[in-house]
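Trainee: Hi! I'm new to this one, could you walk me through it?
Mentor: Happy to, let's bring it up.

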Amino acid sequence: MDTQNTKQSKPKVCTVDDGYQWKTGFAFFDQGFANMKASEDKPAQEAGNMESQKVGALKSVAGTQDQVSILVTGGAGYIGAHTCKALAEQGFIPVVYDNLVNGHREAVRWGPFIEGDLSDYDLLDKVIKEHSIQAVIHFAAFAYVGESMREPGDYFRNNVSNSLTLLEAMRDNGVNTIVFSSTCAVYGVPAVLPIDETSPQCPVNPYGESKLFVERMLHWFGTAHGMRAVCLRYFNAAGADPDGEIGEDHDPETHLVPLVIEAAMGTRASIAIYGTEYETPDGTAIRDYIHVTDLADAHVRAIRHLRSGGDSLHLNLGTGHGHSVREVIDAVTRYSGATISVRECPRRPGDPAELVADATRVKDVLGWVPRWSSLEQIVETAWHWHTRRRAVANRNVARDARVAHGNRSVSK
Ligand SMILES: NC(=O)c1ccc[n+]([C@@H]2O[C@H](COP(=O)([O-])OP(=O)(O)OC[C@H]3O[C@@H](n4cnc5c(N)ncnc54)[C@H](O)[C@@H]3O)[C@@H](O)[C@H]2O)c1
């Protein structure tokens, strides 16, 4: 795994598949947002005007006062890309900053892209200035629990130290609002269910610990520099864009829904169930699955909250309802009609029987309600995207074979 500390990416000129051309050497939209709806978010615009006075001299040609630019670190990743789509739909300009260690260039479709590493203060500083960044959504991180147990140093360097570099670049440019991707892993093994935001924070792995460190850094940057942060503690993100444009594509994949879908499609031989004797109705572990489109919506609401002067917050993002591993497998079986081969394996150390959010606070404070997070919708949207991705991959293989065949014929 690339530890990221030495990689110093240069800004690039990028052409994306949708026909827009973004020159990401810090400027300038040739076209692309002309048709984009101006922000419908009046308080946000007003707050934005106040903030942009602060950065007055730094205002670039990238966007107008109505088109507020949000720096999205990790915006080429799974949740980041879905959030960029939601931001663009709401009139914001998502400026993606990602080193592509785990992200996908083709998932960046709704705004400029800068290929860069979080450890690169100078590049972050330049991007914030040139794009008149007014708030940040910080997704970029390593996010594999098991890997964090083997390589804690990578996690503290990338998730903690590199986040500090970002916070310093924000502070130095007067950008004082941030939405941070935290996780239910900050709670560790809960004593009480459902888990609310006041539950003790006792992470049981370096990944959860690294996220808790960032939450603490944000607290102290708030005290010292007036930075305001919404820390969103996600439970299990799942599903795909209902339009099928983007979806979940991790390598390696460790999340249950895509793994079960791969098993149903036959691209994976079987699905492992870790633990069948938990104290749950069917003996398998229960998790709170939240649709990625609902997650994305919560980020836009959090940005609006901050931009209208709202206080720092810590919010669980879950549905308040859990599903067992067997229920997820059954849902994919029902939807696909496939026979899924299952392997029953011993439980993994540190895997709690049940993790379910108390999601009352996010509903009260942000007015957020999950709209896509039934298990059926999660499975249907994820299935649709996997099918589409497989069709594209098959077409590409066929095209490459035709090209190779053509080349052989020519050289004969
Ligand atoms: N997926 C979930 O269920 C879940 C649950 C809880 C929390 N989270 C958190 O949400 C965030 C996004 O998760 P995801 O599933 O979309 O992950 P992801 O791996 O798909 O996205 C992370 C993105 O960050 C980029 N990145 C990593 N290190 C970087 C660096 N040093 N500089 C620049 N870019 C860098 C990667 O290339 C990738 O595009 C992460 O912070 C993760 O910890 C995810």
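Mentor: A definition before we start: axes are lines fitted to C-alpha atoms, for helices over the stretch in contact, and angles run from 0 to 180 degrees between N-to-C directions. Keep in mind that this is a predicted model.

Trainee: Okay. At what angle do the axes of α3 and α5 cross?
Mentor: Roughly 40°, and the axes of helix α3 (residues 121–130) and α5 come within 9 Å. That makes α3 oblique to α5. Their crossing is right-handed.

Trainee: Which residues make that contact?
Mentor: From α3 there are Y121, L124, D125 and I128, while α5 brings T165, L166, E168, A169 and D172. By class, five are nonpolar, one is polar and three are charged.

Trainee: Now α7 and α9, how are they packed?
Mentor: Helix α7 (residues 256–265) meets helix α9 (residues 325–336) at an angle of about 45°, and their axes are 10 Å apart. So α7 is oblique to α9. Here, α7 passes α9 in a right-handed crossing.

Trainee: And which residues touch?
Mentor: L256, V257, V260, I261 and A264 of α7 make the contact with V325, V328, I329, V332 and S336 of α9. That contact has nine nonpolar residues, one polar and no charged ones.

Trainee: Switching topic: how many residues surround the ligand?
Mentor: There are 28, and the closest are G74, G77, G103, A141 and A237. Sorted by class, the shell has twelve nonpolar, 14 polar and two charged residues.

Trainee: Which element gives the largest share of the shell?
Mentor: That's α2, with three residues. At least two residues each come from α2 (78–89), α5 (152–172), β7 (177–183) and β9 (236–238).

Methods. Residues numbered from 1 in each chain as written. Predicted model: local features only at pLDDT ≥ 70, side-chain atom pairs only at ≥ 80, totals over all residues. Near = placed C-beta within 6 Å. Helix = DSSP H or I, 4+ residues; strand = E, 2+ residues; numbered from the N terminus. Nonpolar A, V, L, I, M, F, W, Y, C, P; charged D, E, K, R; others polar. Parallel < 35°, antiparallel > 145°, perpendicular 65-115°, else oblique. Left-handed = near helix turned anticlockwise from the far one by under 90°. Contact = placed C-beta atoms within 7 Å.
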